[in-house]
Amino acid sequence: MPEKSAPQHRRNGTGFSSLAEGVLELLASGEAATRTELAALLGAAPSSVSFAVGQLLEHGLVAEEGTRSSTGGRPRKVLRLGGHDGYAVAADLGGNHARVGAVHAGGGLTDVTTVPFATAEGPEAALPALVETLTALIDRHGRDGLRGVGLCLPGPVDVEPGLVTLPARMPGWNRFPVRDWLEERFAVPVAVENDANCMAVGEHGVRPAGHRQTIMVKAGSGIGAGVLVDGRLYRGGTGAAGEITHVRVEAAQDTPCSCGNTGCLETVASGAALVRVLHARGLAVTSTEDVVRLASDADPEATRAVRQAGRYLGQVLAANVNFFNPDAVYLGGILSTLEPFVAAVRSQLYEVCHPLVTEHLVIERASLGADAGLAGAGRFALQRALAEALRAVAGP
């Protein structure tokens, strides 16, 4: 019988393959710790996984650490990444602030804090202060253990060159070589990724292994979504998968959107839209934080507006849920902290989606909350560092 969804074993002279990359990825995220778990999640034959693990052990990229009892069988050896004290520093950038912290192999977060970050001033003005913050964090943890740097950005990201493309709310950032700029300063691999994708990957690392098909929605000043298929981030043909914010919504009519079009979901369901709507109704709001504060205090106008925004998001999301049939929908971003918003999204999904689609569907807030993006950015950085280490020992 052929292996289920087995990766292509493009072995070179040292015996490494794409299967080895999958092993490293799962160990780095903490999703697997034994050969049996790796085989199940990778859909590969145990013998193939054992071969890949053996090669990684030989080159010091993986180590064995104790055993785990197994029901009805002999104890299984527990695996970890070689050099388990390695870590990445990561930053999740917002409009006026950045959330920074250290992300360790296995997904642990430490030293998480929020610092000012003036995105609107452009990368050359804003990034030097971030470098100082991350450098201080590295000094506390020890430079010898630094494996990579991760950056989570609120805009479309071209992952291969590591830069933002046509961002709506990041003046001066379009095609600025963020990754190269940071790699010159830190001399370690740097991963740059979109915020919704970072949140999807970060949240996936702490969720049940059975949740392999998921949608993560970030609802903040803007709206974005990250999609995981069989536990792996799905980017689409040009990296724009999950771009639900610019789906046309009838209720939006001809309201101008930041993309240059009219009638997009963003114009009626985002934090920026709520600020505009409530300001027009005479409320003193200038930011999404103001909207959240009013709704949290049960202001009737704010609560109604937030609930309606959740309905609009739910309507658009329902079409995607019906099409994709995910195991779970996770809601993140500052608007997800509001129960009326979450309840409205959930209500629309149950009302509009087919019963077979929602029968076992999990619809919850991101359990990592504001740290989901940070965890994902760090995980991307560790994966990039591991991939480069693998290439280095495998040779050309």
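The side chains of Glu25 and Arg232 meet in a salt bridge, with 3.2 Å from N to O, where a salt bridge is a side-chain nitrogen of Lys or Arg within 4 Å of a carboxyl oxygen of Asp or Glu. This pair links distant parts of the chain, since Glu25 belongs to helix H1 (residues 18–29) and Arg232 to strand S12 (residues 232–234), 207 residues apart. Helices (H or I, at least four residues) and strands (E, at least two) are DSSP runs, numbered from the N terminus. The model is predicted, so that local features need pLDDT of at least 70 and side-chain atom pairs count only at pLDDT 80 or more, while totals for chains, interfaces and linings use all residues. Residues are numbered from 1 along each chain as its sequence is written, and side-chain values use heavy atoms, with hydrogens and water left out.

For accessibility, buried means under 20% relative accessible area, exposed over 50%, and partly exposed in between, with a 1.4 Å probe and protein chains only. Glu25 counts as buried at 19%, whereas Arg232, at 40%, counts as partly exposed. Arg140 is exposed, with a relative accessible area of 56%, and Asp111 is partly exposed at 35%. Glu203 is buried at 0%, and Arg207 is buried as well, at 15%. Elsewhere, Arg35, Glu64 and Lys77 are linked in a network of salt bridges.

Turning to the sheets, five strands form an open sheet of mixed pairing in the order S5-S4-S3-S6-S9, where two strands pair if DSSP finds at least two bridges between them. Because S5 and strand S9 (190–194) stand at the edges with a single partner strand each, one side of each is left without a neighbour in the sheet. Within this sheet, strand S3 (residues 87–93) and strand S6 (residues 146–153) pair in the parallel sense over six bridges, and Ala90 stands opposite Gly150 in S6.

Another open sheet, also of five strands with mixed pairing, has the order S12-S11-S10-S13-S14. Here S12 and S14 stand at the edges, each with a single partner strand, so one side of each lacks a neighbour in the sheet. S13 and S14 pair in the parallel sense over four bridges, and Ala328 stands opposite Val362 in S14.

Helix H11 (residues 339–352) has 14 residues and reaches 20 Å from its first C-alpha to its last, close to the 20 Å expected at 1.5 Å a residue; the expected span is 1.5 Å times one less than the number of residues. In H11, Phe341, Val342, Ala344, Val345, Gln348 and Leu349 are buried. Seen down the axis of H11, these buried residues fall within an arc of 165 degrees, so they line one face of the helix; the arc is that of the directions from the helix axis to the C-beta atoms. An α-helix has 3.6 residues a turn, so residues three or four places apart point the same way. What covers the buried residues of H11 includes strand S10 (214–219), helix H10 (300–324) and strand S13 (328–332), with contact meaning heavy atoms within 4.5 Å.
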